[in-house]
Amino acid sequence: MARIDQETVNRILDAADIVEVVSDFVKLRRSGANYKGLCPFHNERTPSFSVNKARNICKCFSCGKGGSPVNFIMEHEQMSYQEALRYLARKYNIEIVEKELSAEERQAESDREAMLAVNEFALKQFKYNLHETTDGRDLALAYFRHRGLNDAMLERFHLGYSLDRPSALIDAAREAGFQDRYLIETGLEGVSEREGKKSTYDRFRGRVMFPIHSISGRVVGFGGRTMRSDKNLAKYVNSPESIIYKKNLELYGLYQAKNAIAKRDKCILVEGYLDVISMHQAGVENVVASSGTSLTEGQIRAIRRFTNNVTLIYDADAAGIKASLRGINMLLDEKLDVKVLLLPPGDDPDSFAQSHSSSEVEAYLTENERDIIAFMTEVLMRDIPANDPTARAKAVNTILQSVAHVDDPVKRQEYISQCSRMLAISEEVLVAQLNIFITGRYEEAEKNLKRELARNSIADIPEKDEDKAEEAPLLNLNANRLRPFEEMLARYLVRYGLLYIFDITKEDGTTMPATVYDVIESELAVDNMTFSHAPFDAVFKAVGEMRRNGSWVADRRARMAEIENEASAKLEEARENIRKQGGSMSQIEKLEAETQLQLQSFRHQAINDFDMQYGQNRLINSPDDIVRNTAVELLVDRYTLSKIYTRQGDIVSEQDQLPILVPRAVYELRNAIVSDLIADLTKELAALPPTEPDRAVALMKQITDYKAFQKQLSEVLGDRIILPKQR
């Protein structure tokens with residue numbers, strides 16, 4: 001699919017009205033300056049879905065879903081970014097102009113489409129083999145029938161069979177005009193080399209086939225189960241990674257399950273292909289599988305597109321949950337509500353679904369799912385003898401390590417209280433041990449961040465300058481502690497990033513008007529600081545791209561011309577009113593002067609409004625999922641800000657205070673970083689052996705220098721900010 005050109009995208013974004021878009025699906029009523037309605041993403045009785053017409057965003061304060069018109073359509077209709085844009089273009093009768101791709105882009109798009117076409121061809125061949133060939137009917141179809149699958153499931157999941165011949169699929173694909181390189185890149189064709197000679201073969205020969213679909217329904221890969229009893233053959237073979245298939249991003253069955261997941265606000269996670277299919281056949285359609293691989297962050301994010309609730313299904317053996325602890329902790333890291341279901345002894349999801357009616361399966365799921373921490377506590381402690389304190393302590397630590405991945409303090413406290421009752425251990429003891437694990441988790445996150453920063457910056461490290469060894473940049477970041485300071489800067493970037501706030505002096509002594517982004521960018525550059533949290537860094541980079549993009553400058557210039565025309569019309573209208581009123585020359589001159597001041601204020605406010613709305617609109621409609629979702633979160637007002645007064649009692653807005661608030665936010669981030677550096681150096685000094693006096697002196701000097709710098713920062717941050725009276 002060709003891309004929509006940027007001018008058309010801008011027309012769509014400018015035309016799309018959040019109230020009109022949401023009203024197609026939700027009955028809204030006005031509530032003050034906003035609109036409210038029942039959330040379309042989860043069942044509720046009291047409206048918590050708010051639509052802000054001024055900012056062109058919506059948000060459910062219960063389930064958290066919403067966003068811009070584009071994001072709303074993506075979430076509600078399960079569309080991609082480009083599909084949502086086309087939907088809105090049709091709604092507002094906007095003609096779509098598609099971008100002329102470069103030669104490299106055309107080739108990449110051609111390769112991608114060719115690989116998807118090859119997979120689609122293979123899918124049809126496999127389905128044909130299953131139903132129309134003797135081997136397919138006698139072997140593969142008989143196998144599926146033996147596993148209890150009906151025709152509806154065979155068709156719903158597009159199951160098939162790869163003939164047990166060395167090159168049946170390859171020959172058919174070549175005859176249909178497909179190139180070998182696409183067969184090889186998709187993994188349908190394997191290549192072997194023996195005695196210097198290369199040969200090709202059907203990778204999936206003699207296997208029943210399970211196509212893997214993307215969220216949009218395209219076939220991106222396959223899983224194949226052998227029909228042979230040869231123990232030397234792998235039971236399952238999967239497509240290799242390619243430009244269309246990323247194993248860490250795909251979940252088997254998500255395409256078929258996404259609507260049910262969104263409707264039920266829950267995703268059930270199982271292990272294998274047949275587990276998914278049998279559960280769907282039993283009427284439980286909100287089920288997906290990680291296809292036997294360890295759960296990844298990409299797969300979890302795919303689930304989060306549709307729900308925050310996940311239920312894991314295990315058999316009766318506790319070994320399964322012990323092997324899955326990393327995946328459980330990752331789910332908790334992503335702030336998902338995790339429950340677990342233990343099946344009866346001897347059952348897995350496939351056999352359980354096959355041996356029970358739909359109503360029995362549903363009832364069992366409803367009655368037996370447990371909260372993950374309570375379940376872990378029960379299962380891990382169940383078989384430990386009362387006289388084995390070592391094994392008991394190990395199990396308790398395993399449970400607390402998972403609780404440490406819960407960031408919500410209220411939920412964490414509930415878990416502690418629950419564990420205290422179940423384990424007969426005081427909350428104080430559990431909290432003390434939990435704090436150790438939380439600290440360890442943060443330290444590990446910090447180490448991972450440093451490793452990532454090091455990997456990303458190896459190519460950019462300049463040669464060491466011995467004369468400047470004492471001037472090392474501030475790079476020792478405790479990412480979790482710095483988050484609130486970075487979030488405040490990111491909030492200013494989203495709300496006011498392109499707004500001019502004051503002039504800054506360049507190195508050559510000249511001055512230039514600076515936006516909020518310019519101030520933050522220049523201040524961070526002074527100490528070589530970056531955002532340690534990826535979402536905030538993505539927002540920072542997106543605003544920077546807008547700042548340097550000629551489109552904003554051109555649109556701003558056009559808007560300024562419009563504002564000037566509006567101001568001229570207002571001036572003529574005011575002069576006409578002055579002439580009608582009459583009066584002395586001094587009175588007329590006074591009214592004229594007042595009018596000019598009002599128009600100057602009008603021009604200033606109008607261009608400020610344009611700058612703010614331009615940046616906000618582009619960010620909340622960004623094609624980048626991280627930028628778009630982060631911008632919406634930072635733009636939504638959860639609370640009413642306290643009013644701020646000057647000495648004279650005047651109320652000032654946050655926008656009025658930006659020349660003070662933005663630099664102050666940078667100083668607070670600097671202060672937090674310096675605090676971490678002092679703490680690290682102090683620890684190093686305390687652990688230093690007496691045999692290294694020179695190193696101790698150097699460390700004490702660094703600590704003294706940092707404390708002096710921190711004192712300067714404290715003097716700036718310690719003063720209460722009182723704005724002077726505007727004149």
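This is a predicted model: local features need pLDDT of at least 70, side-chain atom pairs count only at pLDDT 80 or more; totals for chains, interfaces and linings use all residues.
Residues are numbered from 1 along each chain as its sequence is written, and side-chain values use heavy atoms, without hydrogens and water.

Select Cys58. Cys58 counts as buried because its relative accessibility is 1%; buried means under 20% relative accessible area, exposed over 50%, and partly exposed in between (1.4 Å probe, protein chains only). Cys419 is also at 1% and buried.

Next, show the strands, which are DSSP runs of E of at least two residues, numbered from the N terminus. Five of them form an open antiparallel sheet in the order E1-E2-E3-E4-E5; two strands pair if DSSP finds at least two bridges between them. Strands E1 (29-31) and E5 (66-67) are the edges, each pairing on one side only.

Start at E1, which is joined to E2 by three bridges. Arg30 has Tyr35 in E2 as its bridge partner. Two residues separate the strands of this hairpin, and Gly32 takes a positive phi near 70° there.

Move to E2 (residues 34-37): Tyr35 and Gly37 make up its covered face, Asn34 and Lys36 its uncovered one. Three bridges pair E2 with E3, and Lys36 has Ser50 in E3 as its bridge partner.

Finish with E3 (residues 49-52) and E4 (residues 57-60), antiparallel and joined by four bridges. Here Ser50 stands opposite Lys59 in E4.
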